[in-house]
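I opened this notebook to record what I looked up in one protein model. The entries follow the order in which I consulted the structure.

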Amino acid sequence: MTDTSRTETTQTETTQTDSAPSRRDRATEATDATRHGAPVRTHNLVKTFDAAAGNVVPAVDHVDLDLPAGSAVALTGPSGSGKSTLLHLIGAIEKADGGTITVGETEVTALPGGKLAAYRRTVGFVFQRYHLLPALTALDNVLTPVLPLKVDFDKQARARDLLAMVGLAGREHDVPSHLSGGQQQRVAIARALIHDPAVILADEPTGNLDTRTGEEIVDLLLALRAERGTTLLLATHDLTLAARCDTVVRLRDGQVIEVQQVAGDRSTAETLESIERLG
Ligand SMILES: Nc1ncnc2c1ncn2[C@@H]1O[C@H](COP(=O)(O)OP(=O)(O)O)[C@@H](O)[C@H]1O
Ligand SMILES: [Mg+2]
């Protein structure tokens, strides 16, 4: 993304912020019917990769986590500390080498191959680079996960509602190149919600965005989890964004080195200070 489009991003999204109340109303309407999240637990979770020269890299090294349903959890740590691998394991994009993952009632690590696709539909992924299909409109991008499936809801209506919920009413027929980076990430978030997931896994979702747009995206993810009860796992380098979550899990070399509850009664500055002290 060029700097020019970043400038446009900020301007366009300032306009959208003005219409926040109507967006919020729509999100709240969806709440009662869909409020649910799942607890996420890992025990002794291990994933190794074979690196060059026969070295084995422990990307996730005996990780134990116990994250309540509906919690907002930041995964932080330097590049290579295992944040993405942990999200991929929980989302069943990668297969663990050892240990267990339980999401809600499902022991993900015990699922046979034939049940993985159904499990993955209970999880919504949001990526740093959006991964939208460039030739498709925003609406069709949101619909892609359900296009080949028979579902018991009106796909088009849900996709439109989700786009409205993320602040993109009226932009349904725009292709990604006509949208700013922040708007493209909003489309990706709507797409992640199309199956009404119990867990959202967001891997550096603000990594390609300017600070202000990044904050808006994290605010949106936090608002959606508050309104829908979804469990949110957010991998981020950015400690200011991490401090907005309820729990901060710090990883280093694949290991959890600290789990910190973020006290709601502390200011962001105090929280940041205590997170940075751990560093
Ligand atoms: N597909 C892969 N093949 C080999 N090594 C990998 C692969 N994915 C991740 N790794 C290694 O695992 C470790 C953790 O990586 P990653 O989970 O991407 O960390 P982070 O997201 O915190 O940057 C790193 O050492 C990385 O090089
Ligand atoms: Mg990563």
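**Entry 1: P197**

Which residues does P197 touch, not counting residues up to four places away in sequence? I found T122, V123, G124, A192 and T230, where contact requires C-beta atoms, placed from the backbone, to lie within 7 Å. Before going further I noted that this is a predicted model, in which local features need pLDDT of at least 70, side-chain atom pairs count only at pLDDT 80 or more, and totals for chains, interfaces and linings use all residues. Residues are numbered from 1 along each chain as its sequence is written, while chains are lettered from A and ligands numbered from 1 in the order in which they are written.

I located P197 in the loop between α7 (181–192) and β7. Helices (H or I, at least four residues) and strands (E, at least two) are DSSP runs, numbered from the N terminus. P197 has 23 C-beta neighbours inside 10 Å and therefore counts as buried. The rule is that a residue is buried if 20 or more other C-beta atoms, placed from the backbone, lie within 10 Å of its own, exposed if 12 or fewer, and partly exposed in between. I also looked up A38, which is 159 residues from P197 in sequence but 9.2 Å from P197 in space, C-alpha to C-alpha.

**Entry 2: the whole protein**

I recorded 10 helices and 10 strands. Of the 279 residues, 41% count as buried. Among contacts with a separation of 6 or more, 73% come from residues 24 or more positions apart.

**Entry 3: the six-stranded sheet**

I traced an open sheet in the order β6-β7-β8-β3-β9-β10, with mixed pairing; two strands pair if DSSP finds at least two bridges between them. At the edges stand β6 (123–127) and β10 (255–261), each with a single partner strand, so one side of each has no neighbour in the sheet. Neighbouring strands here are turned by 15 degrees against each other on average, direction ignored; axes are lines fitted to C-alpha atoms, for helices over the stretch in contact, and angles run from 0 to 180 degrees between N-to-C directions.

I then checked individual pairs. Strands β6 and β7 (residues 199–203) run parallel and are joined by five bridges, with V123 opposite V199. Four of the five residues of β6 are buried. Strands β3 (residues 72–76) and β9 (residues 247–252) are also parallel, over four bridges, and V73 has T247 as its bridge partner in β9.

**Entry 4: the nonpolar core**

Which residues have the most contacts inside the largest nonpolar core? They are V73, V142, L163, L221, L233 and L234, in a core of 69 residues. Such a core is a set of buried Ala, Val, Leu, Ile, Met, Phe, Trp, Tyr and Cys residues joined through C-beta atoms within 7 Å.

I traced a second open sheet in the order β2-β1-β4-β5, with antiparallel pairing. Its edges are β2 and β5 (106–107), each with a single partner strand, so one side of each is left without a neighbour in the sheet. Two bridges join β4 (residues 98–103) to β5, and V103 stands opposite T106.

Helix α3 lies across β1 (40–50), β2 and β4, at about 60 degrees to β2. Seven of the eight residues of α3 are buried, so α3 is largely enclosed by the rest of the structure.

**Entry 5: ligand 1**

I listed the residues around ligand 1 as F49, A51, V57, A59, G77, S79, G80, S81, G82, K83, S84 and T85, each with its C-beta atom, placed from the backbone, within 6 Å of the ligand. Both β2 (56–67) and α3 (83–90) supply at least two residues of this shell, and α3 gives the most, with three. The shell divides into four nonpolar, seven polar and one charged residue. In this scheme Ala, Val, Leu, Ile, Met, Phe, Trp, Tyr, Cys and Pro count as nonpolar, Asp, Glu, Lys and Arg as charged, and the others, Gly among them, as polar.

**Entry 6: positive phi values**

Most residues other than glycine have a negative phi. I noted H62, in strand β2, with phi near 55 degrees. Y130, in the loop between β6 and α5 (138–143), has phi near 65 degrees. Just after α3, A92 takes a positive phi of about 60 degrees.

Technical notes. Two residues are in contact if their C-beta atoms, placed from the backbone, lie within 7 Å.
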